[in-house]
Amino acid sequence: MNAIVSPRLSSLRVRHLRNLRELVWDLSGTAQQLVISGPNGVGKTTLLEALYLLSRGRSFRGRKAGPLIMDGAERMSIEGRFQGVEGDQETILAFEWSGFEGIRRWNGRPVTRLSPFENPIRFKLVGENPQGLLAGDPTLRRTFLDWNVFHVEPQFGRVRSEFRRVLDQRNAWLRNGSRESCVWDPIFVDLAQQVHQARSDFLVAWQAAFAEAAKPFAFLAQCALSYSAGWSVESTLDEALRATRATERHRRQTLIGPQRADWSIQQNARLMRFSRGQAKVAVCVLQIAAEQVHRAGGLSPCLWLLDDLHAELDVETRTRIEQLYRMQEAQCFWTHVRGDHLRAAEGSSGQSTPMFHVEHPRTSQRACV
Ligand SMILES: Nc1ncnc2c1ncn2[C@@H]1O[C@H](COP(=O)(O)OP(=O)(O)OP(=O)(O)O)[C@@H](O)[C@H]1O
C-alpha cells in the first residue's frame, strides 16, 4: 500500500472477550488522545487487548491470563472500523476466535499473516513489563529488536527464520559428536552476517532517534544505545567460530553468533540501572524512537496502546510523556484507574480529551463518553 495513510479507529465492537460481554464503542468525532478509565478489573486492559488482537491476531498477555473467550461462551469476536486507510472508504478489520481456530478478516476477506508493509493498521503497546525488557532475559531484547528491524527490512523475517533453521542444524551436528568439518558453517556465517547487518543498520537510526526523543528526561542525559553482535567483531565470525570450535565441541552447542546478540541503554559507557518509573519512561522513549525510524522508512503512523502508563510517574514526568505522545499525531488509547490526568493537562494545551469510561460487567456493556 503506497498512498500515505493515517489510520484512525472510528468504532469498535467486542463480544465475549474475557469479561467484555458486548461492548460497542463509537469514536466518531473524538480527539486523538482517548482515556479508558474505570475501576480495577473492569476490562480496560482487555479493551486494549481487543485492539491488539485485531492488529496481530494474537494476545500480548500470554497463557497465564487464561482463556480469551468469556467463561461459558463458545467464541469471541472483535470488529474495528477504521478511517484514513483507503481514501474515504471505511476499512473493517475483524477477528474471531473459537478456542481452536482464529480467523482475521480485512473488509470481509480472510487474511492470514499481514506484514507491516501490507497492513497499515499497526498498534503498538507500551506498558508491559518495562523492567523485564531492560534488565531481564536478553531473548526479550532480541525479540523486541528483531520485531522493529522487521518493520524497516521486509526480508528480515525470512532471513532470520533461515538463520534459526541453520542454527538448529549446526547445533544438532555438535550434539551428535561433530566429527567431520561442519558443512553448515558457510551458510551459517552468511545468514548471521545478514541478520547482524540489518540489526546494525537499524541500531544506527534508532540510536539517533533515541537521543532526540530522550531530551525531555534528565535521567536519560548522556545515555546511548549499545549493541553487541554476539561475537567479538574485532575478528570475522568465521575466525571467531574457528577459535571457539574446541569449546563448542565440548559444550555441544553453538556459542557465538547473532543468537547471542544483545542491546542495552548505557550511560557514560556503563549499564544504566532504572527504577520502575524510569524504566517505563525509557521504554516509551525507545518505542517512540523506533516508530520514528519506521515512519522514516515509509510506514504510516501506528496507533498507540498505553496501558496504565501514569502509575509510578511523578506529575512532571507524566506531563512530558503525554506531550511526547501528543506529538505523534496518532490515536492513543490510555488506560488508567482514574482518567483525570489527561483531562487536567488539556487545560493548558487547549486540546480536548474525551473521557471514556468502561462500566462494570453486567449483561451488556457500553464504553461511553
Ligand atoms: N475468560 C474469562 N471470562 C470471564 N472473565 C475473565 C476471563 N478472563 C479474564 N477475566 C476477567 O476479566 C477482568 C478484566 O481484567 P482487565 O485486566 O482487563 O481489567 P483492568 O480494568 O485492566 O484492571 P486493572 O485496573 O486492575 O489493571 C478480570 O477481572 C478477569 O478476572
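User: In which hand of crossing does α5 pass α6, left-handed or right-handed?
Analyst: The crossing of α5 past α6 is right-handed, where right-handed means the near helix is turned clockwise from the far one by less than a right angle, and left-handed means anticlockwise. Keep in mind that this is a predicted model, in which local features need pLDDT of at least 70, side-chain atom pairs count only at pLDDT 80 or more, and totals for chains, interfaces and linings use all residues. Residues are numbered from 1 along each chain as its sequence is written.
User: Which residues make that contact between α5 and α6?
Analyst: Asp-185, Val-189, Ala-192 and Gln-193 come from α5, and Leu-237, Asp-238 and Leu-241 from α6. Contact here means C-beta atoms, placed from the backbone, within 7 Å. By class, that is four nonpolar, one polar and two charged residues (nonpolar: Ala, Val, Leu, Ile, Met, Phe, Trp, Tyr, Cys and Pro; charged: Asp, Glu, Lys and Arg; polar: the others, Gly among them).
User: OK, and at roughly what angle do the axes of α3 and α5 cross?
Analyst: Roughly 85°, with the axes coming within 10 Å. That makes α3 roughly perpendicular to α5 (65 to 115 degrees; under 35 is roughly parallel, over 145 roughly antiparallel, the rest oblique). Axes are lines fitted to C-alpha atoms, for helices over the stretch in contact, with angles from 0 to 180 degrees between N-to-C directions.
User: Who meets whom between α3 and α5?
Analyst: Leu-145, Asn-148 and Val-149 of α3 meet Ala-198, Arg-199 and Phe-202 of α5.
User: What about α4, how does α4 pass α5?
Analyst: In a left-handed crossing. Their axes come within 9 Å and cross at roughly 140°, so α4 and α5 are oblique to each other. The α4 side includes Phe-156, Phe-163 and Leu-167, and the α5 side includes Ile-187, Phe-188 and Leu-191. The classes there are 11 nonpolar, one polar and three charged residues.
User: Switching topic: which residues come nearest to the ligand?
Analyst: Asn-19, Asn-40, Gly-41, Thr-45 and Thr-46, out of 16 residues around the ligand (C-beta, placed from the backbone, within 6 Å). The shell divides into five nonpolar, eight polar and three charged residues.
User: Last one: what does the domain assignment give?
Analyst: Domain 1 is 8–122 + 300–368 and domain 2 is 137–271, with bounds from an automatic or database domain assignment. Their centres, taken over C-alpha atoms, are 34 Å apart, and five residues of domain 1 contact five residues of domain 2.

Conventions:
Helices (H or I, at least four residues) and strands (E, at least two) are DSSP runs, numbered from the N terminus. Two residues are in contact if their C-beta atoms, placed from the backbone, lie within 7 Å.
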